[in-house]
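User: Please examine the model shown here and answer some questions on its fold and its aromatic contacts.
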Amino acid sequence: MADKQEVKRLNDLAYEMRTKLINLCGVYEGAVHIGGDLSMTDLLIGLFHHGLNVDPTDIKNPKRDRFVLSKGHGAVCMYIAMALRGFFDYDEIVRTYGQMDSAYGMHPCKVHLPGVECSSGSLGQGLSMAVGMAISAKVKKEGHRVVCMLGDGESCEGSVWEAAMSARSYELGNLVAVIDRNKQMMCSYTEEITCMEPYADKWKAFGWNVIEIDGHDMNAIVDALDSLPPVTSLRPTAIVAHTTKGKGVDFMEKVIGWHAGSLNKEDWDQALKDLAKNYGKEA
């Protein structure tokens with residue numbers, strides 16, 4: 001059972017991260033993928049502040065866990081989660097995000113940003129890269145994990161299932177896929193495009209160990225990460241996290257139009273009020 005103090009610490013970080021996302025969205029002149037960022041906030045906090053064996057002062061440690069953000073359009077969410085851990089400077093993210101000369105691009109680039117393990121952005125490719133990294137670690141008898149976060153929409157692509165089949169065939173117990181199952185895409189709901197249910201059963205059919213959780217329940221997130229099978233096990237693990245796009249901001253939740261956007265002053269004020277209310281932070 002997850003430690004109460006640890007869960008409180010992580011929830012406080014999730015609130016801080018959501019407010020920082022809203023603040024960035026309010027000052028950046030372009031569109032931020034705010035809906036999906038808010039849906040995976042709790043998962044990234046759980047990973048970078050509890051589950052992953054990473055150290056911002058030793059980013060090349062060979063024993064570190066590797067993280068692959070397959071849904072690369074959520075890069076700013078990852079940047080902020082890592083900034084809260086000490087990898088990056090949040091003010092620098094806000095000042096330069098999305099600019100031509102910025103290391104903090106709209107998709108992550110490991111060449112320009114040390115600490116990022118994998119460049120990504122072309123959806124459906126991240127799990128394949130993670131499989132390769134996990135095979136390399138297994139061949140070298142290294143003990144770290146490779147964790148890949150996917151959006152559920154990109155799992156409509158066949159390359160994801162080819163990677164899933166390969167992962168079980170190579171017995172990659174050191175590989176974990178975390179799926180942000182918010183059931184929305186850019187212009188529609190996932191089930192309107194492809195029949196994905198029973199979603200968890202599809203991963204089971206490919207031979208994966210499957211854990212289904214509420215992706216906004218920090219107790220469940222911590223328990224799932226703490227109960228992962230050993231890296232020497234023979235099956236990869238998929239954590240299917242049921243989430244809500246726009247989570248925490250009432251007028252954004254489950255609204256297709258907030259896949260990406262910017263905030264005017266009225267929206268910005270209301271978003272911060274919604275977050276304060278939903279986290280019990282109101283005076």
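The questions below go from the overall fold to particular ring pairs.

Analyst: This is a predicted model, in which local features need pLDDT of at least 70, side-chain atom pairs count only at pLDDT 80 or more, and totals for chains, interfaces and linings use all residues. Residues are numbered from 1 along each chain as its sequence is written, and side-chain values use heavy atoms, with hydrogens and water left out.

User: How many helices and strands does the protein have?

Analyst: Secondary structure is taken from DSSP runs, numbered from the N terminus: helices are H or I over at least four residues, strands are E over at least two. On that basis the protein has five strands and 10 helices.

User: Why is the protein described as being as compact as a globular protein of its length?

Analyst: The radius of gyration is taken over C-alpha atoms, and the globule rule is 2.2 Å times the number of residues to the power 0.38. For 283 residues the rule gives 19 Å, and the protein is therefore as compact as a globular protein of that length, its own radius of gyration being close to this at 18 Å.

User: What percentage of the residues in the protein is buried?

Analyst: A residue is buried under 20% relative accessible area, exposed over 50% and partly exposed in between (1.4 Å probe, protein chains only). Of the 283 residues, the buried share is 53%.

User: Are the rings of Y15 and Y279 stacked, edge-to-face or tilted?

Analyst: Rings of Phe, Tyr and Trp (its six-membered ring) pair if their centres lie within 6.5 Å; planes under 30 degrees apart count as stacked, over 60 as edge-to-face and the rest as tilted. A search of the whole structure finds 10 aromatic pairs. For Y15 and Y279 the centres are 5.0 Å apart and the planes are at 50 degrees, so the pair is tilted.

User: How many residues apart in sequence are the parts that Y15 and Y279 tie together?

Analyst: Y15 belongs to helix α1 (residues 4-27). Y279 is partly exposed, at 24% relative accessible area, and lies in the segment after α10 (265-278). The pair therefore ties together parts whose separation in sequence is 264 residues.

User: Which aromatic cluster includes F48 and F87?

Analyst: The ring centres of F48 and F87 are 6.4 Å apart with planes at 80 degrees, so this pair is edge-to-face. F48 lies in helix α2 (residues 34-51), while F87 is in the loop between α3 (75-85) and α4 (90-96). Both are buried, F48 at 3% relative accessible area and F87 at 17%. The cluster consists of F48, F67, Y79, F87, F88 and Y104.
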